[in-house]
Amino acid sequence: MSARHLLAAQGEEFHAPGTEIFEWGPLWDGAPSWVTKPTLIVTLSVIIVVGFFWAASRRPQLVPRGVQNVGEIGYLFVRDQIARPMIGKDGDKWVPFLVSTFFFVLIMNWMGVVPVLQLPGPSHIAFAVVLAIFVYLLMWGLSIRSQGLVGWFRNMMFPPGLPKALYVLYAPIELLSVLVLRPFTHSVRLFANMFAGHLLIAFFASVAWWFLAEKVTLFGAPVGLVGFLMTIVMTGFEIFIQALQAFIFALLAASYIGGALHPDH
Amino acid sequence: MGTLAEVTGDLGSVAYGLAAIGPGIGVGIIFGQGVQAIARQPELTNVIRTNMLLGFALTEALALIGFVVPFVHS
C-alpha cells in the first residue's frame, strides 16, 4: 500500500515522499474509519507488551529461567536506570508504571523497523499526546496531594534562597516551563523524532527504488546505490534513536513524578 | 528601490535550519562535557549519563518547537 502511494505521486520525475506517507485509510473496504494501520500497530504493541510480561511473570520461580530472566532484566533496568535515580527511595512503588510506559513506547517505536508494518506508532501525534497528558495529570494529582495546591505553586515559583529581584524573572519562566512547555515538549519530542525518522528512511528508500528499479540510467544508478546503502544505515540508526526516545520518555515521566513528590530536590 | 534580497521556496525548512543552530551547539556541549566527566570519574558513569540525557532532552526542546511551528502556521 505504501509503494502504491509513493508511485502514484511520481510521474516522470523523482518526487521525495512527503506527509502523505503517514495518511492511512481504513484497512479494508467497509471497515470502521478508525481501523487503520496506526491503530493496528498500537493494538499489536499492547498485545506484545502484555503478552510478554504475562509470560515472564506467569509462574515466577526463585531461580528464573527462560523468558522470566528476560523480563527481570527489563524490570531491573527500568528500576535502576530510571526509577531510583529520578524518584529516589520510594521510586520502587512507581516501577510498574514506568516499566509499562517504557516498554509500550519502545515496542510502538520499534514497529517502525519491522518489515511490512514499518510505521512507528507515535509518528501520529495523538498517541504521544495521550501518553503525555496522562503523565501531566499524574503530575498535577501527585503535586497537589503531597504539597497542596498553594504549596506546589509556591515551591515551583518562589523557592527560597534567591535574591528578591530575581523572582520577577524566575517565577513566570518556571510557571510557563512546568505548566505549558512540559506536556508540549514531552509529547512533541517523541512524535517529532519518530515522524522525522520515518520520513528519512522513506526518502532514502524511495531514492533507491526510483534510481535502481524505476528509471535506471548510467548516472542515476550510483545515486540509487547511495540511497540503498543509506537506507540500511539509517534503519540501524533509527533502532538506536527509537530505543533512546522511549528511554527519555520514561526518564522524563519519572523526573516529573519525582519533582511532584520531592519538591526540595 | 526594489527588493534587496528575497528568499523563495519553503520558508519552514529555512526556519528549522535556523532553529537547529542553538540546540545543535547546546547538545554538542552537553555530550562533550558529559564524556569528559565520565572520563574523569568513571565510577559515576550512571549518574552522569542520566543527567546528560535529561539536559539533552531539555536543550532539544528548542529545536522541537522550531520543527512544529511551520506545521502550526501552514
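The model is predicted.

Me: What makes the pattern of chain A, and what makes that of chain B?
Reply: Read along the sequence, the elements of chain A run α-α-α-α-α-α-α-α. Chain B has three helices and zero strands, and its pattern reads α-α-α.

Me: Why is the pair of A:Phe77 and A:Phe247 called tilted?
Reply: The ring centres are 5.7 Å apart, and rings pair if their centres lie within 6.5 Å. The planes of A:Phe77 and A:Phe247 stand at 45°. Stacked needs under 30 degrees and edge-to-face over 60, so at 45° the pair is tilted.

Me: What makes this pair a tie between parts apart in sequence?
Reply: A:Phe77 belongs to helix 3 (residues 67-87) of chain A and A:Phe247 to helix 8 (residues 220-261) of chain A, so the pair ties together parts that are 170 residues apart in sequence.

Me: Are A:Phe77 and A:Phe247 buried or partly exposed, and how do you know?
Reply: Buried means under 20% relative accessible area, and exposed means over 50%. A:Phe247 has 11%, so A:Phe247 is buried. A:Phe77 has 35%, which lies in between, so A:Phe77 counts as partly exposed.

Me: Why is the pair of A:Tyr136 and A:Trp140 given the name it has?
Reply: The centres of these two rings are 6.4 Å apart, and 75° separates the planes. The limit for a pair is 6.5 Å, and an angle over 60 degrees counts as edge-to-face, so A:Tyr136 and A:Trp140 form an edge-to-face pair. Both residues lie in helix 5 (residues 125-147) of chain A, four residues apart, about one turn of the helix. An α-helix has 3.6 residues a turn, so residues three or four places apart point the same way. A:Trp140 has a relative accessibility of 27% and counts as partly exposed.

Me: How many aromatic pairs are there over all chains, and which residues form one aromatic cluster?
Reply: The count comes to 18 aromatic pairs over all chains. One aromatic cluster is formed by A:Phe52, A:Phe53, A:Phe77, A:Phe102, A:Phe103 and A:Phe247.

Me: How do you know that the charged end of A:Arg58 sits over the ring of A:Trp54?
Reply: The charged end of A:Arg58 is 5.4 Å from the centre of that ring. The distance limit is 6 Å, with a further limit of 35 degrees from the ring normal. The distance is thus within its limit, and the charged end is listed as sitting over the ring. A:Arg58 lies in the loop between helix 2 and helix 3 of chain A.

Me: Why is A:Arg58 called partly exposed?
Reply: Its relative accessibility is 47%. Exposed needs over 50% and buried under 20%, so A:Arg58 counts as partly exposed. A:Arg58 and A:Gln68 are ten residues apart in sequence, and their C-alpha atoms are 8.5 Å apart in space.

Me: Which residues are buried in helix 6 of chain A, and what do the buried residues pack against?
Reply: A:Gly151, A:Trp152, A:Met156 and A:Met157 are buried there. The buried residues of helix 6 pack against helix 5 and helix 7 of chain A.

Me: Why is B:Glu60 called buried?
Reply: B:Glu60 has a relative accessible area of 12%. The cut-off is under 20%, so B:Glu60 is buried. B:Glu60 lies in helix 3 of chain B. Leaving aside neighbours within four places in sequence, B:Glu60 is in contact with A:Arg189, A:Asn193 and A:Gln245.

Me: How does the radius of gyration of chain B stand against that of a compact globule?
Reply: Chain B has 18 Å, whereas a compact globule of 74 residues would have a value near 11 Å. The C-alpha trace of chain B spans about 65 × 25 × 15 Å along its principal axes.

Note on methods:
Residues numbered from 1 in each chain as written. Chains lettered and ligands numbered in written order. Predicted model: local features only at pLDDT ≥ 70, side-chain atom pairs only at ≥ 80, totals over all residues. Heavy atoms only, no water. Phe/Tyr/Trp six-rings, centres within 6.5 Å; stacked < 30°, edge-to-face > 60°. Helix = DSSP H or I, 4+ residues; strand = E, 2+ residues; numbered from the N terminus. Buried < 20%, exposed > 50% of the residue type's maximum accessible area, 1.4 Å probe, protein only. Rg over C-alpha atoms; globule rule 2.2 N^0.38 Å. Contact = heavy atoms within 4.5 Å.
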